[in-house]
Amino acid sequence: MFLTDKEKAMLNGEFGEAVRLSMSILVDLGRLYDASNMIPVAMVHDDSIFCVGKAQIDFAEHLVKIGGQFAVPTSSNACNIDQRRWCEQRFSRETAEQNLRLIKAHLHLGAVPTFTCTPYQAGLIPRFGQDVAWAESNATIFANSVIGARTNRYAGLLEICVSLAGVAPNFGLHKPENRRAEIVIKMDQLNDEMLSDEAIWPLLGYAVGEFAGDRVVAIEGAPAQISIDALKSFGAAAASSGAVALFHLIEVTPEAPEKEACIDKSKPPIEESISPATLREVERRLSTTQKDVDLVLLGCPHFSYQEFLQLTMLLSGRKIHSNVGMWVFTSRSVHQWLAVGGLLDGLQKAGIKVYTDGCSLTVPYHAWNVRTLMTNSAKMANYYYSDTGISIFYSGLKDCIESAITGRCIRRRKPWDK
Amino acid sequence: MGQVMKGRTVAPGLATGEALVTSQPISFCLGVDPSTGLIIDSRHELYGQSIVNKVLVFPFGKGSSGAGLVILELIRAGLSPAAIINLRTELVVATGSIIAVHFYQRTVPIMCIDEVDFFSLKNGQMVEVNADSGWVAIFGGS
């Protein structure tokens, strides 16, 4: 692996211990993945602020102690708690304090306090073709696919090593030749009515992720006017059911002006067509209940201003049922816009709680005696299907709202139903 | 010496353990409990099983990038697999192990092997993973 004189000096500790430690890890990793050299990165998205245990706190505090400073703009991911309302969310004091310690260390290193899994909807956006290190799987897939920036699926702690060093090993999706699709998925069996239903995108993403696994995938037949929020929910689902880091929507996303431009020409592509039956099967598997609903969760990934506008419109002045909660997770940036735009007041009057900073997946729902969660996120439904004893119901935003108002799981007829 | 397979080293180290084998990808983030080492994804065929000190055999990682954090935490707490064998090692799986080498001076070797060898591995076999020399050896079967 080629290293410049400066990079060798970084590895030898001439730029401080934090840079030396980071470079050692990155060079090791680069050698294992046959990286040709190191490349400068323009931005980092720091997912290591999301707390799963003590190891990452040790690591971050160690970096602070040895004088670490991020060398490039670094947005911070959603953490676990709403830093201003964790008590109300029923987090334990111990969990909150661990989180706050971790956050403090990351801010000390120079993280921008965006506290969101959707930095691209909170103002931190790379340019087309730039090399970046974005962790958090929905952010990674969005940066690669929708923006056309270049990032691998950076895992927690690796991206902060990149940010401290300002460089990343050049392999995988940093190389243009690896960004071409081996798989083409056709949507010729899905009609316009299906494709204009917002609830289809998480289902499609989920199906694509299961089929593609960790490979680059192209999708043929997506409508050109697909919204940013639909792309967000599609990507988040594909990155949770599989390990997809890059998709091309032919004639929609920037690296796929036409099919030829985004296909791997070295071998014939694997072709697959998604049928209404596949959508029905995915939707069936995402839900474990269809009875009463206790809590409706929105904002996985974090809700955008546009999604809040849509929510307000669909509510049309109605209130959430007294037996049901509706929580929406978003960034502080969007929360601020809601306050300024006058939406927050209406949402609160309807009985909706808007939380910032944290991730909807880590709230201690058992402390709320929740039995049934409903969500419009396939990512959330996928991850919540775990050892919690809580049932989950997936449907679109409209159904989430009607269910929250009536207190029953409502699933309106979908265009892909039999 | 049992059957020996050559492989590609992703993370260094030498370890022996009982194989825990799945053909399904694993999401460490929210799929494995970092405080117990148990698989908590109820849709996974290994649901409820412990990965602690096992040679964990799965095709590749999936899901959120918190996986690296979970693997490092498992290593810190002594609840990690003894070694990992993949078809292709995703970056999010490699990260935790590589950082542990530099930060905790502990190794959890990771190796990739080819498909024929991968699908010949069976639950309960004793497996030695020598990532420093680039091979995997199998002892007995069940």
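Tutor: Before we start, domain bounds come from an automatic or database domain assignment, and the model we are looking at is predicted.

Student: Which domains does that assignment give for chain A?

Tutor: Domain 1 covers 5-175, domain 2 covers 180-284 and domain 3 covers 287-406. Taken over C-alpha atoms, the centres of domain 1 of chain A and domain 3 of chain A are 28 Å apart.

Student: What makes residues of domain 1 and domain 3 of chain A count as being in contact, and how many do?

Tutor: Two residues are in contact if their C-beta atoms, placed from the backbone, lie within 7 Å. In chain A, 20 residues of domain 1 are in contact with 18 residues of domain 3. The domain 1 side of that contact has 8 nonpolar, 9 polar and 3 charged residues.

Student: Now the chains: how many residues of chain A are in contact with chain B?

Tutor: Here 36 residues of chain A are in contact with 32 residues of chain B. The largest share of the chain A side, 6 residues, comes from H2(A). By class, that side divides into 17 nonpolar, 12 polar and 7 charged residues.

Student: Why are H3(A) and H1(B) called roughly perpendicular?

Tutor: Their axes come within 7 Å and cross at roughly 95 degrees. Angles of 65 to 115 degrees count as roughly perpendicular, and therefore H3(A) and H1(B) are given that description.

Student: Which residues meet there?

Tutor: A:Lys54, A:Ala55 and A:Gln56 in H3(A) meet B:Leu69, B:Leu72, B:Glu73 and B:Arg76 in H1(B). By class, this contact has 3 nonpolar, 1 polar and 3 charged residues.

Technical notes. Residues numbered from 1 in each chain as written. Chains lettered and ligands numbered in written order. Predicted model: local features only at pLDDT ≥ 70, side-chain atom pairs only at ≥ 80, totals over all residues. Nonpolar A, V, L, I, M, F, W, Y, C, P; charged D, E, K, R; others polar. Helix = DSSP H or I, 4+ residues; strand = E, 2+ residues; numbered from the N terminus. Axes fitted to C-alpha atoms, helices over the stretch in contact; angles between N-to-C directions. Parallel < 35°, antiparallel > 145°, perpendicular 65-115°, else oblique.
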